[in-house]
Amino acid sequence: MKKAFIILIAVLAFIVLAAIVGGVVVFVWTGPAKKVAVDFIDDVRQGKINEALILTTQKFQNEYKDAIQQFYDEQGDLVSQIVKININNVSILNDSAEASGYVEDDEGTIVPVSVKMVKEQGQWRVYNFVFDFGAAAKK
């Protein structure tokens, strides 16, 4: 009985340790992409278009540099009211990543967001972003 209890405790300790190590590995793996997504959304929220552009791919900068400004001009009233950015899902496959979650405005409206990225010269860079205002919902 005592031996079975010790084995059970050892197995549970191993499972807990594996979960902790797995969580750390996932965070280390996805953390940089998540940070770029949050920083990008925050720069757009604050109207810091040049700072947001720095986080985009070279192709985006060359071909769509006015897209962020146009987005801010059209949606700035809504975007500037964001008080919370929650990126709760980051998936990475090779040199591509997608971060998704939501932003919340000062009235409690939740807007789904998605940021797609690629690795460019070892850094995550945004090549597409979506604020899905059509799917917005009150909290």
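A residue counts as buried under 20% relative accessible area, as exposed over 50%, and as partly exposed in between (1.4 Å probe, protein chains only). At 14% relative accessibility, F71 is therefore buried. The model is predicted: local features need pLDDT of at least 70, side-chain atom pairs count only at pLDDT 80 or more, and totals for chains, interfaces and linings use all residues. Residues are numbered from 1 along each chain as its sequence is written, and side-chain values use heavy atoms, with hydrogens and water left out.

Start with the fold. The protein chain holds three helices and five strands. These are DSSP runs, numbered from the N terminus: helices are H or I of at least four residues, strands E of at least two. The order from the N terminus is α-α-α-β-β-β-β-β. Of the 139 residues, 31% count as buried. Contact means heavy atoms within 4.5 Å. Among contacts between residues at least 6 apart in sequence, 45% join residues at least 24 apart.

Now the aromatic rings. Rings of Phe, Tyr and Trp (its six-membered ring) pair if their centres lie within 6.5 Å; planes under 30 degrees apart count as stacked, over 60 as edge-to-face and the rest as tilted. The whole structure has seven aromatic pairs. The ring centres of F71 and F133 are 6.5 Å apart and their planes lie at 25°, so this pair is stacked. F71 sits in helix α3 (residues 58-79), while F133 lies in the loop between β4 (123-131) and β5 (137-138). The pair thus links distant parts of the chain, 62 residues apart. F133 is partly exposed, because its relative accessible area is 26%.

F129 and F131 pair edge-to-face, at 6.3 Å centre to centre and 85° between the planes. Both partners are buried: F129 has 13% relative accessibility, and F131 has 9%. Ring pairs join F40, F71, F129, F131 and F133 into a cluster.

Next, the core. A nonpolar core is a set of buried Ala, Val, Leu, Ile, Met, Phe, Trp, Tyr and Cys residues joined through side-chain atoms within 4.5 Å. The largest one has 29 residues, and F40, I68, M117, F129 and F131 have the most contacts inside it. Two or more residues each come from α1 (2-45), α2 (49-54), α3, β1 (82-93), β2 (96-105), β3 (109-120) and β4. The largest share, six residues, is from α1.

Leaving aside neighbours within four places in sequence, F40 contacts A52, L55, T56, I68, V126 and F129.
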